[in-house]
Amino acid sequence: MHAVMLALSVMTFVSAASASIAGTLADATFHSKALNADLPVNIYRPDGEPPENGWPVLYLLHGHDGDQNSWRDLGNIQKTLDGMIASGTIRPVVVVMPGVKNSWYVDSADVGGPGNYETALTGDLRVHVEKTLPVRKDRQGRAIIGLSMGGFGALHLAYAHEDLYAAVASLSGAIWQNVPASDLDKTPAELKLIQDSAFFHRVDRATITSGIVLPSTGDHFSGSFGKPFDARRFNDQNIFTTVAQHVANKQDLPATYLTVGDDDGFSLWRGAIALHETLQADNRKSELRITDGDHVWDVWQVSIIDALKFVDGEWG
């Protein structure tokens with residue numbers, strides 16, 4: 001109830017603030033060479049003239065079973081952006097919302113998955129946007145945010161292509177640690193059975209400690225990590241692997257913002273905390289917010305506001 005009331009009050013604010021300044025939100029499609037198919041997108045363009053070097057651009061990703069319309073139809077993103085820009089809370093920004101099916105934002109054509117969506121977004125879509133819109137073309141003028149599956153996707157793309165994005169935010173992101181070497185040959189069903197026992201360790205009646213946050217296996221991966229789920233392929237593309245590689249090579253990572261509900265029905269707070277701890281251990285910039293609420297749009301309509309503020313603070 002608290003999250004619903006807060007969402008309503010936020011939407012009242014942004015509706016009033018956007019009365020005089022309103023951006024446009026339009027459907028678009030373009031042909032992606034990586035997919036050999038059309039990629040649908042929604043693009044928000046702010047009101048007014050762009051600055052000399054162009055507007056910053058934000059890529060906003062949907063979750064599982066969503067599409068390019070999710071943030072428009074369920075997240076009320078246009079009203080939020082109009083209100084925050086009109087009030088001066090954030091600077092004018094172009095927001096690109098692609099529809100990627102249940103691809104998990106990785107390349108998967110070689111294993112019969114949904115397709116090479118990582119290449120499509122970081123290559124084809126980015127180049128198309130920068131050719132057709134007055135946006136910045138430098139790292140400090142790009143950021144990426146996603147929810148749930150898109151939270152994983154935003155982190156995966158931002159960390160694997162750290163030269164492209166200044167900041168990344170994950171809202172209730174599907175974040176899991178790597179499958180341990182001892183469990184790599186377990187079947188998806190066996191991994192599912194040990195998920196909770198791998199995370200919670202009861203030392204005694206009064207003491208419980210946390211362990212490994214195993215990935216939730218099932219049909220929701222849609223072959224993105226192989227059919228059946230291939231733990232080795234998942235580990236290879238997982239964000240914890242990428243972070244470890246960057247730490248070892250002393251490479252920069254984008255500034256990171258993580259938020260998740262304390263009542264998340266998929267217990268995704270586990271992975272958010274684990275990633276925050278991992279980034280903090282190497283003094284990488286990371287902000288963590290555990291909010292009130294479940295894995296629902298009422299939470300994301302509110303949490304996107306602080307995520308947008310965080311990203312705005314990172315524009316060069």
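Student: How do the residues of the lining of the largest pocket divide into nonpolar, polar and charged?

Tutor: They split into twelve nonpolar, eleven polar and four charged. Here Ala, Val, Leu, Ile, Met, Phe, Trp, Tyr, Cys and Pro count as nonpolar, Asp, Glu, Lys and Arg as charged, and the others, Gly among them, as polar. By the way, this is a predicted model, where local features need pLDDT of at least 70, side-chain atom pairs count only at pLDDT 80 or more, and totals for chains, interfaces and linings use all residues. Residues are numbered from 1 along each chain as its sequence is written, and side-chain values use heavy atoms, with hydrogens and water left out.

Student: Why does Phe 199 count as buried?

Tutor: Buried means under 20% relative accessible area, exposed over 50%, partly exposed in between (1.4 Å probe, protein chains only). Phe 199 has 6% relative accessibility, so Phe 199 counts as buried.

Student: And what makes Trp 269 partly exposed?

Tutor: Trp 269 comes out at 23% relative accessibility, so the label is partly exposed.

Student: Why is the pair of Trp 297 and Trp 300 called edge-to-face?

Tutor: Rings of Phe, Tyr and Trp (its six-membered ring) pair if their centres lie within 6.5 Å; planes under 30 degrees apart are stacked, over 60 edge-to-face, and the rest tilted. For Trp 297 and Trp 300 the centres are 5.2 Å apart and the planes sit at 85°, so the pair is edge-to-face.

Student: How far apart are Trp 297 and Trp 300 in helix H11?

Tutor: Three residues, so about one helical turn separates them. Both Trp 297 and Trp 300 are buried, too.

Methods
Helix = DSSP H or I, 4+ residues; strand = E, 2+ residues; numbered from the N terminus.
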